[in-house]
Amino acid sequence: MTAAHTRVRYAKKDHVAHITLDRPEVLNAMDLRMHEELADVWDDVEADDDIRVAVLTGAGDRAFSVGQDLKERARLDERGTPLTTFGSRGQPGWPRLTDRFTLSKPVLARVHGYALGGGFELALACDLIIASEQAVFGLPEVRLGLVPGAGGAFRLARQLPLKTAMGHLLTGRRLDAATALRFGLVNEVVPAARLDACVEEWTDDLVRSAPLSVRAIKEAVLASVDMPLEQAFTARYAWEERRRLSSDAAEGVRAFTERRDPRWTGR
């Protein structure tokens with residue numbers, strides 16, 4: 001983005017946005033400055049029609065992110081800064097990815113090493129998770145007198161069986177990559193040496209998909225997941241209306257009948 005971005009690396013290539021949490025010396029712990037930089041990045045991802053998918057990862061070979069920078073939190077406590085609760089409203093970087101509910105493009109988390117606390121919550125807010133065999137997930141907030149305020153308490157209970165989720169939330173116990181895969185919490189687990197190649201396979205498939213269809217499906221699924229089925233069929237989905245009236249809606253069928261690859265325009 002700009003030279004002012006010191007906590008996040010951001011690059012765009014071949015319709016893919018690559019976002020890297022870049023504080024490896026502290027296991028990519030997230031301070032307020034990082035949240036501010038990430039907000040700029042997510043704004044750009046949504047606004048740039050050339051971007052079709054975002055990949056989020058952490059720098060270094062030890063962690064995706066270990067969550068909130070607790071040393072910074074301790075300094076804020078000393079100054080009398082009010083403690084936070086659920087959500088990021090009123091805080092730097094709002095809305096953060098964890099409560100940015102209208103981001104229409106898919107976000108894939110590339111997880112190697114620790115994804116703990118807010119780092120795990122960040123991954124849970126992504127649409128896809130590809131993990132290395134060394135990935136470790138956990139929400140240790142209960143052991144620190146805190147709560148998983150960036151959505152972990154809510155998302156984990158929706159993405160795991162309730163008793164399993166409660167076991168991890170109430171004890172801070174961790175999940176290894178194999179366990180996360182067994183419960184469907186991640187899409188794929190591969191050796192670390194194959195992680196980048198696996199992520200590229202997924203992004204290649206996403207880029208080949210019709211961009212308006214991807215956005216329409218993401219919106220419809222997330223908006224309707226808690227609706228009664230009958231209501232889900234009749235609800236209004238803005239991106240589906242845009243897809244239905246687009247030239248891309250006819251392009252896919254035309255390309256199929258002409259035996260060629262479709263040429264998506266996003267319009």
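Modeller: What follows covers the aromatic rings, then the cysteines and a surface patch.

The model is predicted, and it holds two aromatic pairs. In one of them, the ring centres of Phe86 and Phe154 are 5.0 Å apart and the planes meet at 45°, so the pair is tilted. This pair links distant parts of the chain, 68 residues apart: Phe86 sits in the loop between helix 2 (70–78) and strand 5 (107–111), and Phe154 in helix 4. Phe86 is partly exposed at 42% relative accessibility, and Phe154 is partly exposed at 41%.

Phe120 and Phe137 form a tilted pair as well, with 5.3 Å from centre to centre and 45° between the planes. Phe120 belongs to helix 3 (residues 118–124) and Phe137 to strand 8, so this pair ties together parts that are 17 residues apart in sequence. Both Phe120 and Phe137 are buried.

A further ring contact involves a charge: Arg182 lies over the face of Phe183, 4.8 Å from the ring centre.

As for the cysteines, the count of disulfides is zero. The sulfur of Cys126 has its closest cysteine sulfur in Cys198, 15 Å away, which is too far for a bond; the cut-off is 2.5 Å. Cys126 is buried at 9% relative accessibility, and Cys198 is buried at 0%.

On the surface, Leu70, Leu144 and Leu146 form a nonpolar patch with about 250 Å² of accessible area together. Leu144 is placed in the loop between strand 8 (136–138) and helix 4 (152–159).

Notes. Residues are numbered from 1 along each chain as its sequence is written. This is a predicted model: local features need pLDDT of at least 70, side-chain atom pairs count only at pLDDT 80 or more; totals for chains, interfaces and linings use all residues. Side-chain values use heavy atoms; hydrogens and water are left out. Patches are made of residues with over 30% relative accessible area and no salt bridge: like charges are joined within 9 Å, nonpolar side chains (Val, Leu, Ile, Met, Phe, Trp, Tyr) within 5 Å. Accessible areas come from the Shrake-Rupley method with a 1.4 Å probe; for residues, only the protein chains shown count as cover. A salt bridge is a side-chain nitrogen of Lys or Arg within 4 Å of a carboxyl oxygen of Asp or Glu. Helices (H or I, at least four residues) and strands (E, at least two) are DSSP runs, numbered from the N terminus. Buried means under 20% relative accessible area, exposed over 50%, partly exposed in between (1.4 Å probe, protein chains only). Rings of Phe, Tyr and Trp (its six-membered ring) pair if their centres lie within 6.5 Å; planes under 30 degrees apart count as stacked, over 60 as edge-to-face and the rest as tilted. A charge sits over a ring if NZ of Lys or CZ of Arg is within 6 Å of the ring centre and within 35 degrees of the ring normal.
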